[in-house]
Amino acid sequence: MDISSKRVLLIGASGAIGKHLKNHWQLTANIKLCTAGRSDQDDYYLDLNSPSNCPAHLFEASHFDTVVVLAAMSNIAACERDPQLARYINAKAVEELYHIIPAKNWILFSTNQVFCGDKLMPRRNDITQPISEYGASKVALEKCFESQFYRVAILRLTKVLMPEQPFLRASLKKMLSGEKVTAFTNMVMAPIYIEQVCQYITRLLFDFSGGIHQLSGQRDISYYQTLVMLSSMLDLDVSLVEASKTGINTPKYSALHVDTLENSLGFFSPDIESVLGQFLAASRLN
Ligand SMILES: NC(=O)c1ccc[n+]([C@@H]2O[C@H](COP(=O)([O-])OP(=O)(O)OC[C@H]3O[C@@H](n4cnc5c(N)ncnc54)[C@H](OP(=O)(O)O)[C@@H]3O)[C@@H](O)[C@H]2O)c1
């Protein structure tokens, strides 16, 4: 592993994963971080609606060892409303940036939603079949870069659990004050914990391997089962969780196959108990 100091450009540091990654890297001495995005906190202003207007500093010289692009249109409903914009922001704009900003390696992000969810644990080379516009925009991203896998890694992530996860936090807070909550039995996730994702991205900076990577929890669990499990871990009254069903068509599975590629970089699919345990330990609900 190359442990020399890395110059990294992070695009999308203000997003959910970006905030954690930035904090994680503040504890890592040998990363020189620069951020770009639309937030006041970013070092450089960059809007994916117009990537060619990015500041000259970003393309004038070979500043970066790795560019990490977390910026995306990640809201599923917004992607359904404007599929053309979703494909532009999530795929085309990233490709344009790739041709503008000189860097040795790139780390990009995709999702289990490139698959339709009718098959257990799809492998990285299985045929993609998205059923949402968000998933379709990520398939478009993967296709844009398939000839560049010698220096581009695309991480397909399942649900990344973070301490601030709004639905779980709000539901558990209600239960702590004795209120009933409802959760879907027909919406599933195979969660991984944010810390694992940050560690994996960091490892890739120093030990780069291109192509598609899949980071996934061991198995799927419904949102209803998740709340039941969390409430029993907190010694709450499990009967406060009421089951309901969403009327929309939801994928049966979200978990992805993880193999020696991810294992060699330190990632092993976590079991649900450990992910929920980490979530509870960090979320300070009381
Ligand atoms: N979180 C998960 O569970 C999960 C699971 C699978 C895959 N992923 C993927 O991981 C990546 C990061 O996810 P996330 O959860 O951190 O997403 P997020 O919270 O929605 O953050 C998205 C980031 O993109 C920025 N952004 C959006 N449109 C932009 C534009 N036109 N120009 C510049 N910046 C723009 C946002 O900044 P503004 O505030 O300026 O909009 C924000 O910083 C995404 O590619 C997502 O698809 C996430």
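Mentor: What follows is a talk through the fold, the ligand surroundings, the sheet and a few single residues.

Trainee: What kind of model is it, and how are residues numbered?

Mentor: This is a predicted model, in which local features need pLDDT of at least 70 and side-chain atom pairs count only at pLDDT 80 or more, while totals for chains, interfaces and linings use all residues. Residues are numbered from 1 along each chain as its sequence is written.

Trainee: OK, how many helices and strands are there?

Mentor: The protein has ten helices and 13 strands, where helices (H or I, at least four residues) and strands (E, at least two) are DSSP runs numbered from the N terminus. Its radius of gyration is 19 Å, close to the 19 Å that the globule rule gives for 286 residues, so the protein is as compact as a globular protein of that length. That radius is taken over C-alpha atoms, and the rule is 2.2 Å times the number of residues to the power 0.38.

Trainee: And how much of the protein is buried?

Mentor: Buried residues account for 42% of the 286; a residue is buried if 20 or more other C-beta atoms, placed from the backbone, lie within 10 Å of its own, exposed if 12 or fewer, and partly exposed in between. Of the contacts between residues at least 6 apart in sequence, 82% join residues at least 24 apart, a contact being two C-beta atoms, placed from the backbone, within 7 Å.

Trainee: Switching to the ligand, which residues come nearest?

Mentor: There are 24 residues around the ligand, and G15, A16, I17, R38 and A72 come nearest, with a residue counted as near if its C-beta atom, placed from the backbone, lies within 6 Å. The elements giving two or more residues to this shell are α1 (16–26) and β5 (103–111), and α1 gives the most, with three residues.

Trainee: What is the shell like by class?

Mentor: It holds twelve nonpolar, nine polar and three charged residues. Here Ala, Val, Leu, Ile, Met, Phe, Trp, Tyr, Cys and Pro count as nonpolar, Asp, Glu, Lys and Arg as charged, and the others, Gly among them, as polar.

Trainee: Now the sheet: in what order do the seven strands come?

Mentor: The seven strands form an open sheet with parallel pairing, in the order β3-β2-β1-β4-β5-β6-β11, and two strands pair if DSSP finds at least two bridges between them. β3 (44–45) and β11 (211–215) stand at the edges, each with a single partner strand, so one side of each is left without a neighbour in the sheet.

Trainee: How is β5 placed, mostly covered or mostly open?

Mentor: β5 is mostly covered, since eight of its nine residues are buried. Four bridges pair β5 with β4 in the parallel sense, and W106 in β5 is the bridge partner of V67. On the β6 (152–157) side, six bridges join the two parallel strands, with S110 opposite R156 and T111 opposite L157.

Trainee: Which helix lies across those strands?

Mentor: Helix α7 (194–206) lies across β1 (6–11), β2 (31–37), β4 (64–69), β5, β6 and β11, running at about 135° to β1. Axes are lines fitted to C-alpha atoms, for helices over the stretch in contact, and angles run from 0 to 180 degrees between N-to-C directions.

Trainee: What about L58, buried or exposed?

Mentor: L58 lies in helix α2 (57–60) and counts as buried because it has 23 C-beta neighbours inside 10 Å. Leaving aside neighbours within four places in sequence, L58 is in contact with A36, Y44 and I101.

Trainee: And Q26, buried or exposed?

Mentor: Q26, in helix α1, is exposed because it has 10 other C-beta atoms within 10 Å.

Trainee: Last topic, what is the phi of M121?

Mentor: M121 has a positive phi of about 50° although it is not a glycine. Most residues other than glycine have a negative phi. M121 sits in the loop between β5 and α5 (133–144), and its 18 C-beta neighbours inside 10 Å make it partly exposed. R284 also is not a glycine and has a positive phi, of about 40°; R284 lies in the segment after α10 (272–283) and counts as exposed, with 8 C-beta neighbours inside 10 Å.
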